[in-house]
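Please look over the sequence and the structure shown below before reading on. The paragraphs after it go from the overall make-up to single parts.

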Amino acid sequence: MKILNDRTHGELSREAQGSNFRYLCWLLVVLVSCWCTPVNAGEPLRALLVTGGCCHDYESQKKILTEGISARANVDWTVIHEGDDEGKNHKFSIYGKPDWTKGFDVVVHNECSGFVTNVDWVERITQPHFEGVPAVVIHCAIHSYRQSTTDEWRKLLGVSSYRHQARRPFEVVTLQPQHPVVKGFPVRWQDSPDELYEVTKLWPGCLPLAEGVTPGEDKNRHPVIWVNTYGKARVFGTTLGHGNDTMERKEYLDLVTRGLLWSCHKLDDEGRPKSGFGKQDEARSK
Ligand SMILES: [Zn+2]
């Protein structure tokens with residue numbers, strides 16, 4: 001019995017030690033995961049900004065956009081800035097790579113390549129978006145590839161536009177104030193001197209959220225902010241943003257941030273970043 005008792009005691013001890021060990025392991029896992037994972041933190045969205053080409057201060061704009069958006073949302077950036085010397089003819093090198101969107105959650109197009117028309121090239125750009133990679137299209141991206149015979153770029157954008165009015169201030173009127181992308185954007189907003197792009201066609205899947213009003217011609221209005229669906233992808237677009245003075249405004253950066261988050265399904269119905277994707281979440285968890 002003694003031996004048995006001893007053995008029993010020994011087995012109990014080993015069992016007790018085993019359960020202590022399991023408890024310690026569990027505690028360690030809990031402590032490490034609490035220490036490593038801030039509350040509400042998500043992995044940052046991996047954004048690719050393609051920028052450059054004709055007619056705009058892309059050197060400044062790449063800073064304004066990346067810093068402005070990352071001050072508002074949990075976004076990491078890769079920036080491809082090329083082609084300022086080639087103007088409207090520039091073909092961005094990244095589009096020549098196989099799987100050119102691989103590793104990115106969203107692509108921001110702020111490029112100006114109006115004279116690039118090669119159909120295969122343009123459809124190389126649009127194909128991964130059609131398959132589901134979200135896109136944000138800004139200002140001269142809407143006039144890029146516009147002379148190409150393929151419609152795929154225009155379908156990606158959600159609009160067709162071939163010309164813009166002279167640069168001057170104009171008013172922007174919100175059409176869908178309940179849409180989360182324009183929640184917080186003024187119902188009437190006076191843009192800094194900017195180019196009002198004339199939109200000749202809306203493609204299926206495009207929902208205009210705001211129009212620009214031609215100065216002195218109240219009925220002559222054009223969509224300037226919209227959301228679109230292209231294949232499996234969500235697309236946010238705005239023709240606003242010729243000049244840095246527009247782009248630097250709080251309302252503009254708030255808007256483009258919401259558009260980017262919406263395209264990635266990371267914007268809630270109130271127009272706020274979903275948990276883990278806003279900078280305020282991060283601040284609260286510290
Ligand atoms: Zn412009």
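What follows is a short walk through this model, which is predicted.

Begin with the whole protein. Its secondary structure comes to 7 helices and 11 strands. The protein has 286 residues, and 40% of them count as buried. Among contacts with a separation of 6 or more, 76% are between residues 24 or more positions apart.

Next, take helix α6, which covers residues 250-263. At 1.5 Å a residue, its 14 residues should span 20 Å, and its end C-alpha atoms are 20 Å apart, so expectation and model agree. Is this helix enclosed or open? Of its 14 residues, 10 are buried, so the helix is largely enclosed by the rest of the structure. The buried ones include Tyr252, Leu255 and Val256, and the run from Thr257 through Arg258, Gly259, Leu260, Leu261 and Trp262 to Ser263 is buried too. The cover over these residues includes the helices α2 (58-70) and α5 (244-247), as well as the strands β3, β4 (135-138), β10 (221-230) and β11 (233-238). After α6 comes His265, whose phi is positive, near 60 degrees.

For a view of one member, take Val137: leaving aside its neighbours within four places in sequence, Val137 is in contact with His109, Ile142, Leu157, Val235 and Gly237.

Now turn to the strands. Strand β9 (residues 207-213) is mostly covered, with 5 of its 7 residues buried. Which strands does β9 pair with? Strand β6 (residues 171-174) is joined to β9 by 4 bridges, and the two run antiparallel; here Val172 stands opposite Gly212. Strand β10 is joined to β9 by 6 bridges, again antiparallel, and in this pairing Pro208 stands opposite Trp226.

Finally, consider a residue in a loop. Lys97 sits between β2 (75-81) and β3 (106-112).

Note on methods: Residues are numbered from 1 along each chain as its sequence is written. This is a predicted model: local features need pLDDT of at least 70, side-chain atom pairs count only at pLDDT 80 or more; totals for chains, interfaces and linings use all residues. A residue is buried if 20 or more other C-beta atoms lie within 10 Å of its own, exposed if 12 or fewer, and partly exposed in between; C-beta atoms are placed from the backbone. Two residues are in contact if their C-beta atoms, placed from the backbone, lie within 7 Å. The expected span of a helix is 1.5 Å times one less than its number of residues. Two strands pair if DSSP finds at least two bridges between them.
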